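Welcome! Try each task before you read its solution.

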Amino acid sequence: MHLLGLLPRRAWASLLSQLLRPPWASCTGAVRCQSQVAEAVLTSQLKAHQEKPNFIIKTPKGTRDLSPQHMVVREKILDLVISCFKRHGAKGMDTPAFELKETLTEKYGEDSGLMYDLKDQGGELLSLRYDLTVPFARYLAMNKVKKMKRYHVGKVWRRESPTIVQGRYREFCQCDFDIAGQFDPMIPDAECLKIMCEILSGLQLGDFLIKVNDRRIVDGMFAVCGVPESKFRAICSSIDKLDKMAWKDVRHEMVVKKGLAPEVADRIGDYVQCHGGVSLVEQMFQDPRLSQNKQALEGLGDLKLLFEYLTLFGIADKISFDLSLARGLDYYTGVIYEAVLLQTPTQAGEEPLNVGSVAAGVERIFYIVEQRMKTKGEKVRTTETQVFVATPQKNFLERLKLIAELWNSGIKAEMLYKNNPKLLTQLHYCESTGIPLVVIIGEQELKEGVIKIRSVASREEVAIKRENLVAEIQKRLSES
């Protein structure tokens, strides 16, 4: 999603050739447990900053923190997405969060100005990655890899005006699925569209439509409408804004800001209003102007073949040939697509959502899911704890022995960090956090060699032999 980022071989060839022009791990993981001392130091530092005039503790513009509740929703979304990628045979990979600036420049057209440049670090000019596609192309070129089907989930950064209410941020997560290499036409593209349908259906966001076009058709349309070739990329960047701006505003930008003749803009306007299925592809074959352009005919031929494959995959009804789809980035040279949610009547108390493309990154999908959960009043459990170890009296050491046994058996368990907590406090904690089982060990249980298991939902308690505890818990968890 980008959900998907399949590029045709022409695009990969273009990217790789650009990346090969200039001369072109192991990791260590650390688990850090923040102590109360560290917390006290941090609190004192923040307090010192707060005493400064005009100091506000906040996240940078266009970014946000993700609470534990947010992370639960996000992880569920990413699990579904990644499982789909793996089902289709993709390999996972990662690249650095920043790249040599030279690697990224001239790949994004007008959007190159939105890159975050870093200060000179030891003689290297660096920029934060703008997307996951160009770093992938750099990886292929650097390692001389000719074929690869890969997925990549990671953050990217764009210095644009954020629209938080629509799920648009300066820092956001992308999920890319790319197929690099030379293959018979439209087979990889058809699979990418199938993947997109599987993911959007699985997320249950509502009815959706995937728009498809081809940059060869876009360029052919510009040519037959009279756009000077030197203005192709600039005009393409304007057309790409049609999902966010009205045609009259896009036309104004092309004519006033980019110097396009008004009559040329009007001819483009006639085309970009066209959208439909394979019948529109056939219609464009007969178009008196477009049918005279060799590049456009090649694109139309591939789209016709693509629709044949999509019909066999059973998803042709979810796909629309849309001449307004342009994609402004320079590395697109063939088939392009994006997914949009279809507006449906809002339910009582639900605000209409307008988030644009939902296959460009996870943030917008996350925003939609988050808003719908808020409307329905759904609660999110932020831990996966299965068992809480409690004591009614001063049996802290017994709690430690017991919880260690549970952890060693692969059971998710926790306890309060107090020597002598009140039992009622411990039970209330379990109810508020949704922990299903409580193990209670007191003086009487110790004497009798038993342990009580309490169901938090029903509040029923049973005593079992100490040596049978793990087996009983595992049995209950498997039945739940």
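**Exercise 1.** Find which ring the charged end of arginine 158 sits over.

*Solution.* Step one is the rule: a charge sits over a ring if NZ of Lys or CZ of Arg is within 6 Å of the ring centre and within 35 degrees of the ring normal. Arginine 150 lies over the face of phenylalanine 136, with 4.1 Å to the ring centre.

A note on the source: this is a predicted model, where local features need pLDDT of at least 70, side-chain atom pairs count only at pLDDT 80 or more, and totals for chains, interfaces and linings use all residues. Residues are numbered from 1 along each chain as its sequence is written, and side-chain values use heavy atoms, leaving out hydrogens and water.

**Exercise 2.** Work out how phenylalanine 388 and tyrosine 429 are arranged as an aromatic pair.

*Solution.* Start with the rule: rings of Phe, Tyr and Trp (its six-membered ring) pair if their centres lie within 6.5 Å; planes under 30 degrees apart count as stacked, over 60 as edge-to-face and the rest as tilted. The count by this rule is 4 aromatic pairs. In one of them, phenylalanine 388 and tyrosine 429 are 5.6 Å apart centre to centre with 50 degrees between the planes, a tilted pair.

**Exercise 3.** Say which three residues ring pairs link into a cluster.

*Solution.* Look for Phe85, Tyr151 and Phe177: ring pairs join them into a cluster.
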